[in-house]
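Welcome! Here is a short tour for anyone meeting this structure for the first time.

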Amino acid sequence: MLGDGKKKSLSNFSINLSYKNILHIIQQKTSMKKILITGGAGFIGSHVVRLFVTKYPDYHIFNLDKLTYAGNLANLTDIENAPNYTFVRGDIVDADFINELFETHQFDGVIHLAAESHVDRSITEPMAFVMTNVVGTCNLLNAAKNTWKASGYEGKRFYHVSTDEVYGELHNPEDFFLETTPYDPRSPYSASKASSDHFVRAYGNTYKLPIVITNCSNNYGPNHFPEKLLPLMINNILHSKPLPVYGKGENVRDWLFVVDHARAIDTVYHTGKEGETYNIGGFNEWKNIDIVRLVCKTMDSKLGRPEGTSEQLITYVTDRAGHDLRYAIDATKIMNELGWKPSLQFEEGLEKTVDWFLNNQEWLDNITSGNYKEYYDKMYS
Ligand code: NAD
Ligand code: DAU
């Protein structure tokens with residue numbers, strides 16, 4: 001037995017390692033579920049990883065992420081040493097690597113979030129979207145199919161996280177996207193996501209792979225990468241920089257707090273029906289210009305600036321090419337069939353978000369001082 005002094009001299013690293021080794025042995029002896037979450041270092045993925053690691057100590061969560069410009073392990077420092085969590089750096093486009101990973105770990109489930117996710121980048125670099133979103137998804141489908149064919153599909157699940165943008169755009173204010181709305185993607189990003197959705201359904205139909213898909217509206221919240229509308233505005237207000245609103249600011253998006261999306265993913269992963277699609281959204285539509293004004297007002301109040309100060313920074317800029325007018329999700333199916341509903345009102349979610357960014361300016365500065373600066377200058381010059 002170790003005396004007290006010796007115990008104290010062990011480093012955290014060796015304690016964690018041996019703990020993980022013991023856990024690994026227990027895992028092999030018991031039926032502890034192994035779940036692969038892809039893109040877990042990104043915005044939404046990090047909230048999903050945190051929820052699963054903390055809520056399900058009897059699952060082992062593997063977070064597979066390439067750590068592109070959008071992946072950030074600083075999003076996960078609070079759970080990085082959890083005994084039921086392992087980070088794997090890797091690229092879903094690399095088929096050999098993916099096949100080996102599945103063979104080694106024999107995952108019971110996959111929650112697939114890894115993607116190139118920014119519409120503006122898809123306009124300038126469409127092939128990156130084809131590779132990760134289409135080819136990468138197919139690599140995961142193949143690996144799951146081949147591994148599970150041998151062990152049997154019982155208790156397995158391939159969950160593909162998709163977007164409302166696959167449905168195209170809405171013009172009539174009374175229309176909503178339903179699960180049955182025909183696909184009509186209009187940007188390279190949404191076309192790549194639509195394509196990946198089709199492949200996932202095709203593997204479900206052809207190989208009977210146990211799949212489920214969700215299509216969610218715009219997320220917002222802590223850890224949102226500052227190339228996207230809300231964190232970009234928050235960051236620019238902080239630095240009194242112009243607030244670039246595309247076109248006339250008339251485009252409409254339906255906003256959902258990211259933790260509520262993670263909760264929905266948990267619900268669908270565990271209780272969604274095999275082969276089904278569920279739309280996820282907050283019934284919370286905002287015109288861009290109105291939401292930017294609300295961010296200005298919230299920031300002025302938090303920063304102790306006179307009301308109206310930040311609104312003066314609003315600058316209308318050239319519209320996004322092919323800019324979709326309106327997205328609006330009808331989330332009745334997931335609410336009625338699975339009992340999920342958003343937990344937060346938008347105003348409360350926005351306050352929480354602004355507070356998080358104000359309390360985590362180092363996180364923001366670390367991103368905006370790196371390659372992001374180059375992207376921003378090119379995009380908004
Ligand atoms: P994000 O860009 O913040 O994160 C994507 C993550 O995927 C990053 O960590 C990145 O490093 C990783 N990744 C990218 N390419 C990879 C590759 N080739 N191999 C392995 N990892 C790779 O994206 P997000 O906003 O968190 O979106 C996550 C998922 O949810 C995406 O599939 C997106 O289409 C979908 N979605 C997003 C929203 C939204 O509002 N952000 C809404 C609906 C659906
Ligand atoms: O609807 C779900 C989708 O929401 C996700 O699938 C995507 O991954 C996610 O990026 C998001 O796409 P959008 O294009 O809607 O989000 P973005 O934050 O880029 O833009 C929101 C709206 O704000 C859109 O109408 C464009 C506009 N906008 C955006 C930026 C970055 C501006 O007016 N100015 C800007 O600087």
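Predicted model: local features only at pLDDT ≥ 70, side-chain atom pairs only at ≥ 80, totals over all residues.

L350 sits in helix 12, which covers residues 346-359. Helices (H or I, at least four residues) and strands (E, at least two) are DSSP runs, numbered from the N terminus. Is L350 buried or exposed? L350 counts as buried because it has 22 C-beta neighbours inside 10 Å. For reference, a residue is buried if 20 or more other C-beta atoms lie within 10 Å of its own, exposed if 12 or fewer, and partly exposed in between, with C-beta atoms placed from the backbone.

Leaving aside residues up to four places away in sequence, L350 touches L294 and T298. Such a contact has the two C-beta atoms, placed from the backbone, within 7 Å. Y327 is 23 residues from L350 in sequence, and their C-alpha atoms are 19 Å apart in space.

Residues are numbered from 1 along each chain as its sequence is written, with chains lettered from A and ligands numbered from 1 in the order in which they are written.

The protein chain has an average pLDDT (the predictor's confidence in each residue, from 0 to 100) of 93, and 92% of the residues score at least 70. Over residues 1-16, pLDDT stays under 50, and the model has three contacts there beyond four places in sequence.

## The whole chain

The protein chain contains 14 helices and twelve strands, and 42% of its 381 residues count as buried. Its C-alpha trace spans about 65 × 60 × 40 Å along the principal axes. Of the contacts between residues at least 6 apart in sequence, 82% join residues at least 24 apart.

## Around the ligands

Ligand 1 has 30 residues around it, with G39, G42, K66, G71 and A115 coming nearest. Helix 3 (43-55), helix 6 (126-151), strand 5 (157-163) and strand 7 (218-220) each give two or more residues to this shell, and helix 3 has the largest share, three residues. Here, near means a C-beta atom, placed from the backbone, within 6 Å of the molecule.

Which residues come nearest to ligand 2? Of the 19 around it, they are S117, T163, K228, L229 and Y246. Helix 8 (229-238) and strand 8 (243-246) each supply at least two residues of the shell, and strand 8 gives the largest share, three residues.
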